Amino acid sequence: MKKTKQNGKVTNIFLSGVGGQGTILASNILAEVFLKAGYEVKKAEVHGMAQRGGDVTTHFRFGKKVYSPIIKYGDVDFLLSFELLESIRYINWVKPEGKIVINNQEIFPPAVNLGMAQYPKDVGKAFTKYFKNNVHMINGQEIAKNLGNMQAANVVLVGAFSNFFPEIKDEQWIDALKTLLAPKLHDLNVKAFYEGKKAL
Amino acid sequence: MKKELMQGNAAVARGAWEAGVKIAAAYPGTPSSEILQDIASTYPEIYPEWAPNEKVAVEVASGAALTGARSMAIMKHVGLNVAADPFMTVAYTGVKGGFMIVVADDPNVHSSQNEQDSRNWARFAKVPMLEPSDAQECKDFAKLAFDISEKFDTPVLLRTETRVAHSDSPVALGERKESTMPMGLDPKEAPKYVMVPVNVRVRRKFVEERMRKLEAYAEKFKYNVMEINDTKIGVISSGVSYLYAKEAFPEWSYLKLGMVWPLPKKMIATFFKKVKKVIIVEELDPFLETEIKAMGYKIFHGKDVIPNMYELSPEIVERSLKGKAYKPPKIRVKPEDLPRRPPNLCAGCSHRPLFYALKKLGAFVFGDIGCYTLATAPPLQALHACICMGASVGMAHGAMKALGSEGLGKVVAVIGDSTFLHGGVTPLMNVVYNKGNSTTIILDNRITGMTGHQEHAGTGFTIRQEPTNMVDYEEIGKALGVKSIRKIDPYDIKSCMEIIKEEMGKNEPSLIICKDSPCMLLRRAKPLEKFKTPFYVIDTDKCRGCRMCLEINCPAISWRAGDGETKDGHKRKGTVYINRDQCVGCEVCVQVCKFEAIVPGQK
């Protein structure tokens, strides 16, 4: 894969998923890593009604100087999505040269459960049409399951995503993981990170 | 100095702690709830309490301030409506120890019942208001608020909003400095604190004089900042709107106001001289715009192009100000064609069977503020009115008075436990006193659910998890004079329907209390223990694809289309499927199925 070097400008990362998938932890890992790497970091998420099952998004920005906590529509450099429908929902937010990492998982919203709406088909193809080789589908669920815990899928995704930032060392990601997670979860998530890293 | 990434709310808590705050009271409300939670978990020097409502929180903090202690009350925007009574008058009495009221707005109504702009309260009450734009300012302004409060003898409003309260940015940490204000109560100060007309007239004049002094202070307030760049255009802005404008047009000049009331008139005059054209960028109401126009200035743009509703963003600011020159990003997929993903009641939630029962009864349901408001969405559609905390009880009473005997058997009020204690007790007293006949159901799930599990007077625990008295709803009902009080198990749909029907039909006040129905996410109440079977599955030999079980809108149940037939030959267009990872075995769907097609699953 092509490596991306950060060069002083603000980098915009948009995370999207479904409540309960661990997107908040993922964005906290990013925050820990980029803050310690010396950048100004801003992130914004909407909490609200017990968002169980609702959609969850995080705007994550880092650079030398960051003003708005919200990314400008159309200015997303990286879309990191934990679910297929929640990735395509934000396809218009991504810059033409933007990079996309998607967890290959479907979670049906109520209207689909009720048989009143169609779950979008071929999400990967829709992305590839516009973003060509910059689209990366990851089987986060499967990889996490093989490690013995589906809950680690979010860290698998973070591992995959880490490939885009060669200036950040593995240890910096691992340190962030260990800072944010209880000790009993360290082994599993370190493995999940490396498996994810290999997957992209 | 040590820098930490902090949420705006956590930074407000930190600022209060560094300022030497002793007492903090709040009622939870998005997006403000984390402030008091953070205080309770992080700063032992501050005494925190969940008040039953925002009015009480302001009164508690006012009383504490009167002793000389630095104190604060925290609430969401609509909370200040509830607290308006003490707030508007403590603005007259002033304070002794510094007193800050945090009010968190919710532009775009992410989780609220309206979109009001709290800046109007500052003008209305004649008190200063600070408006931070990021977490660092949240901390700095919170700290400063107490100095301003003590210096000018006034409560100080700190206004945040969703994108400030729930955004994280780096904060430089400082140390706590205890207040040097002498503590104690002095009866001789009564004329300052007893608001009877003779004293009010004295304080009324003080308030006006204070406002003049604050206006002078605003001129030199160090967070009212002029940034002169390209002088063709100058933007006046505050809060997160400033950041959006700065993001979209970094080359322009700015007057960034950290204090949005009162306004620095001289500074504004200077800014108008320094730049050719002035644009005012603000979210919601034309608050700055109205004031600045009233000073006699002509502005280039303001609310003529910038929306006065929903939230702003860098894109909206850019699009509004560039007009036709704005080039929108390419539309690759129309998001409106995709299925939405609204929040839903959790699998196993006790509200689901209760609202299903109400739907079956065809009741008109006056609802209240809480997770159960979700029952208004299809397919349940079993909640028909909701305006504010506690309103359900009074509204149902009013409707019954208007409908007379026509209303009997058709109307019910539903209200959560925390909401009942916030604003439902007084209207229930009113039902009895004024010889009403409405029915009130308390959906007691043992916690403040929607805002993320805060304790209240009915949970038996304080915010710091110390055991305390637990309100008994039945005893409250009795004391208010309700004679017909019933308890129901919301998971038993048939019996719920019978009891609710009976009570709605009675020509007297009724109170129904849901028992043993804790929130599914409240671990200490072990909500899953009462379910006999860990999960259920569909017996596809029996499922006729009638879709009845889909009517309860359980997140674990989905439709699988596909022609087929049951074992005994009934044609069907599909079957339902239960996701065993999500199913908790609450048996609500089992009760709804007419064909015994939902059966216990085997591990």
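Colleague: How many residues does chain B bring to the contact with chain A?

Modeller: Keep in mind that this is a predicted model. Both chains take part in the contact, and chain A gives 49 residues.

Colleague: What is the area buried between chain B and chain A?

Modeller: The size of an interface is often given as the accessible area lost when the parts come together. Here carbon and sulfur atoms give 61% of that area. On the chain B side, Arg332(B), Pro339(B) and Arg341(B) supply 21% of what chain B buries against chain A, more than any other three residues. The total between the two chains is about 4600 Å².

Colleague: Which residue of chain A meets Asp134(B) in a salt bridge?

Modeller: Side chains of opposite charge can pair when their charged atoms come close. Between chain B and chain A there are five salt bridges. In one of them, the N to O distance is 3.8 Å, and the partner of Asp134(B) is Lys42(A).

Colleague: Which element gives the largest share of the side of chain B that touches chain A?

Modeller: Polar contacts link 15 residue pairs across this interface. Elements of chain B that give two or more residues to that side include strand 1 (3-7), strand 8 (167-172) and helix 14 (314-322). By class, the side has 25 nonpolar, 11 polar and 15 charged residues. The largest share, five residues, comes from helix 11 of chain B.

Colleague: Which residue is the bridge partner of Ala44(A) in strand 8 of chain B?

Modeller: Strand 2 (residues 40-45) of chain A pairs with strand 8 of chain B in the antiparallel sense, over two bridges. Ala44(A) has its bridge partner in that strand 8, and the partner is Ser167(B).

Colleague: Which strands stand at the edges of the eight-strand sheet?

Modeller: This open sheet has mixed pairing and the order 6(A)-5(A)-4(A)-1(A)-3(A)-2(A)-8(B)-1(B). Each edge strand has a single partner strand, so one side of each is left without a neighbour in the sheet. The edge strands are strand 6 (135-138) of chain A and strand 1 of chain B.

Colleague: What is the bridge partner of Phe14(A) in strand 3 of chain A?

Modeller: Strand 1 (residues 11-18) and strand 3 (residues 55-63) of chain A run antiparallel and are joined by eight bridges. In strand 3 of chain A, the partner of Phe14(A) is His59(A).

Colleague: Which helix of chain B lies across strand 14, strand 15, strand 16, strand 17 and strand 18?

Modeller: In chain B, an open sheet of five strands has parallel pairing and the order 14-15-16-18-17. Its edge strands are strand 14 (364-366) and strand 17 (484-488) of chain B, and the twist averages 25° from one strand to the next. Running at about 160° to strand 16 of chain B, the helix that lies across these strands is helix 15 (residues 351-361).

Colleague: How far apart in sequence are the parts that Asp147(B) and Arg70(B) tie together?

Modeller: The side chains of Asp147(B) and Arg70(B) meet in a salt bridge of 2.9 Å, N to O. Asp147(B) lies in helix 7 (residues 135-152) of chain B and Arg70(B) in the loop between helix 3 (54-66) and strand 4 (71-76) of chain B, so the parts tied together are apart in sequence by 77 residues.

Conventions: Residues numbered from 1 in each chain as written. Chains lettered and ligands numbered in written order. Predicted model: local features only at pLDDT ≥ 70, side-chain atom pairs only at ≥ 80, totals over all residues. Heavy atoms only, no water. Contact = heavy atoms within 4.5 Å. Buried area = accessible area lost by both parts, 1.4 Å probe. Salt bridge = Lys/Arg side-chain N within 4 Å of Asp/Glu carboxyl O. Polar contact = N/O pair within 3.5 Å; in protein donor to acceptor, adjacent residues only side chain to side chain. Helix = DSSP H or I, 4+ residues; strand = E, 2+ residues; numbered from the N terminus. Nonpolar A, V, L, I, M, F, W, Y, C, P; charged D, E, K, R; others polar. Pairing = 2+ DSSP bridges. Axes fitted to C-alpha atoms, helices over the stretch in contact; angles between N-to-C directions.
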